[in-house]
Amino acid sequence: AIGSLNATSTSLSTAPSETAPAQSLYTDVPLDHWAYADIIAVTEKGLMAGYGNGLFGPGDSFTRAQVAQVLYRLANGQPVEDPALTIADLGGPGVWYADAVTWYCETLDAYGCTKDQTGAVVFSPNEPATRGFVFTAMYRLSQRCADPLPQTIPAATFPDLASRPLIEQQGISALQQAGVVAGYPNGNIGPEDTISRAESAKVFNVFSELYPDGAVAVNPLPAL
């Protein structure tokens with residue numbers, strides 16, 4: 001079933017898993033969890049972390065602010081000193097995601113965001129992220145990297161992408177051909193489905209393997 005957390009229905013990548021140690025780092029991520037190796041990998045790489053109480057929350061939703069934070073870390077991001085964009089819902093001084101969300105909006109031209117009546121960006125940091133948003137944001141970051149995504153897997157057709165924006169169709173297709181994402185058993189990709197922390201760990205780990213020195217934004221962002 002779409003959205004269930006098992007190795008079959010949430011197949012996001014064809015990358016092999018690593019050999020698991022004798023004991024899990026997280027009490028809610030057993031050694032036989034379908035995303036165990038990826039959850040441990042993103043933890044060790046400093047891309048994601050648990051809740052601090054021994055739990056990772058693999059089935060919990062992943063927020064848009066958390067997506068920005070992971071991309072910021074993947075890209076070896078630095079705080080933006082003089083941002084060109086105003087973000088209406090960034091929060092007060094010192095909020096944990098401020099640097100990452102500001103970097104995201106400046107680096108990826110506020111992809112996936114709306115604007116309020118004043119023209120300020122509305123990022124919606126605490127909203128659950130969708131698979132389409134995460135995958136396309138990753139693709140937009142890859143467009144700014146020195147090396148393009150590899151195209152090693154034959155292209156698949158996802159029927160539920162047909163009505164989505166062109167950039168989303170292009171991005172998900174590129175990530176699928178790079179082996180970063182794959183569809184559900186029913187042939188769909190679920191762009192409007194919320195993404196879980198386990199699913200996020202899977203795709204971010206595979207994506208990070210393509211850019212071992214960081215997905216650093218060095219090229220101009222292509223126009224939509």
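Biologist: Why is Tyr-97 called buried?

Modeller: In this predicted model, Tyr-97 has 6% relative accessibility. Buried means under 20%, so Tyr-97 counts as buried.

Biologist: What makes Trp-96 and Tyr-97 an aromatic pair?

Modeller: Their centres are 5.1 Å apart, and rings pair within 6.5 Å. The planes sit at 85 degrees; over 60 counts as edge-to-face, so that's the name this pair gets.

Biologist: How many aromatic pairs does a search of the whole structure find?

Modeller: Eight. One of them is Tyr-72 with Trp-103: centres 5.7 Å apart and planes at 65 degrees, so again edge-to-face. That pair ties together distant parts of the chain, with Tyr-72 in helix 2 and Trp-103 in helix 3, 31 residues apart.

Biologist: Are Tyr-72 and Trp-103 buried or exposed?

Modeller: Tyr-72 has a relative accessible area of 11% and Trp-103 comes in at 6%. The limit is under 20%, so both are buried.

Biologist: How do you know that Cys-105 is in no disulfide?

Modeller: The nearest cysteine sulfur, on Cys-113, is 4.5 Å away. Searching the whole structure turns up zero disulfides.

Biologist: And what makes Arg-197 count as lying over the face of Phe-56?

Modeller: Arg-197 is 4.4 Å from the ring centre, against a distance limit of 6 Å. Arg-64 does likewise, its charged end sitting over the ring of Phe-123 at 4.9 Å from the centre.

Conventions. Residues are numbered from 1 along each chain as its sequence is written. This is a predicted model: local features need pLDDT of at least 70, side-chain atom pairs count only at pLDDT 80 or more; totals for chains, interfaces and linings use all residues. Side-chain values use heavy atoms; hydrogens and water are left out. A disulfide is a pair of cysteine sulfur atoms within 2.5 Å. Rings of Phe, Tyr and Trp (its six-membered ring) pair if their centres lie within 6.5 Å; planes under 30 degrees apart count as stacked, over 60 as edge-to-face and the rest as tilted. Helices (H or I, at least four residues) and strands (E, at least two) are DSSP runs, numbered from the N terminus. Buried means under 20% relative accessible area, exposed over 50%, partly exposed in between (1.4 Å probe, protein chains only). A charge sits over a ring if NZ of Lys or CZ of Arg is within 6 Å of the ring centre and within 35 degrees of the ring normal.
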